[in-house]
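Colleague: I would like to learn how to read a model like this one. Please take me through it feature by feature.

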Amino acid sequence: MKTAVARLADGSADAADDVTVELYAFGGCPGQRLEFRAFIPSRGEAEVSHVDELEGVDERFSAAVRPGDLAALGRHLDVENLLELPPNADEKYVPDSLVGSVAVTAGNARITLRFPLEDEDPPEGEETAMRINLGRAPLVLRASMAPPNVRPALARLAAVVNRLTGRS
């Protein structure tokens, strides 16, 4: 995985190592459920889906990712740090809460990070690690809920996703 991500970061033409980054968010009460997925491969087009029951949104589309965005994302993905994070797959969340995950895949290796999300900005003075602009309400990951060494990658991922959705 390290080699594949390094090639992606270099913007190498042979970065066909099939590195994918997937952001997935879901949750909400019945009738108000939200599901958002952005699947960003190192080659080919990104696929985005967004379902918001409260707002009546159900959209799916594909879009090209700028090579510079892919390289910048690769530069922020520190595989060593990701591998050193304690597993959090067994964390429990309150029913109907918003939960997010980011999965990085290269070949048959996969690293997944799960985290709680909010649908509003934190109080003034508190930083965010990631903010996805969806329209009525953003998906926000507070910086205090993300390991410091992955915050730059999450911020870069948010910038790429917001550019894909046209809501930068």
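Modeller: Start with contacts: a contact means heavy atoms within 4.5 Å. In the chain, 50% of the contacts with a separation of 6 or more join residues 24 or more positions apart.

Colleague: What should I know about the source?

Modeller: This is a predicted model: local features need pLDDT of at least 70, side-chain atom pairs count only at pLDDT 80 or more, and totals for chains, interfaces and linings use all residues. Residues are numbered from 1 along each chain as its sequence is written, and side-chain values use heavy atoms, with hydrogens and water left out.

Colleague: How many helices and strands does the chain have?

Modeller: Helices (H or I, at least four residues) and strands (E, at least two) are DSSP runs, numbered from the N terminus. Here there are four helices and eight strands. Their order along the sequence is α-β-β-β-β-α-α-β-β-β-β-α.

Colleague: What does the radius of gyration say?

Modeller: The radius is taken over C-alpha atoms, and the globule rule is 2.2 Å times the number of residues to the power 0.38. For 168 residues, a compact globule would have a value near 15 Å; the chain has 16 Å, which agrees. The C-alpha trace spans about 45 × 35 × 30 Å along its principal axes.

Colleague: Now burial. What share of the residues is buried?

Modeller: Buried means under 20% relative accessible area, exposed over 50%, partly exposed in between (1.4 Å probe, protein chains only). Buried residues make up 45% of the 168.

Colleague: Which residues touch the most other members of the largest nonpolar core?

Modeller: In soluble globular proteins, nonpolar side chains tend to be buried together. A nonpolar core is a set of buried Ala, Val, Leu, Ile, Met, Phe, Trp, Tyr and Cys residues joined through side-chain atoms within 4.5 Å. The largest has 44 residues, and Leu23, Phe36, Ile40, Met130, Ile132 and Leu139 touch the most other members. Helix H4 (residues 151-165) gives the most to this core, with seven residues. Leaving out residues up to four places away in sequence, Met130 touches several residues, including Leu23, Phe115, Leu154 and Ala158.

Colleague: What do the buried residues of H2 pack against?

Modeller: Helix H2 (residues 67-76) buries Asp69, Leu70, Ala71, Ala72, Leu73 and Gly74. They pack against helix H1 (2-10), strand E1 (19-27), strand E2 (34-41) and H4.

Colleague: And backbone angles?

Modeller: Most residues other than glycine have a negative phi. Asp96 is not a glycine, yet its phi is positive, about 70 degrees. Asp96 lies in the loop between helix H3 (79-84) and strand E5 (99-106). Asp96 is partly exposed, with a relative accessible area of 37%.
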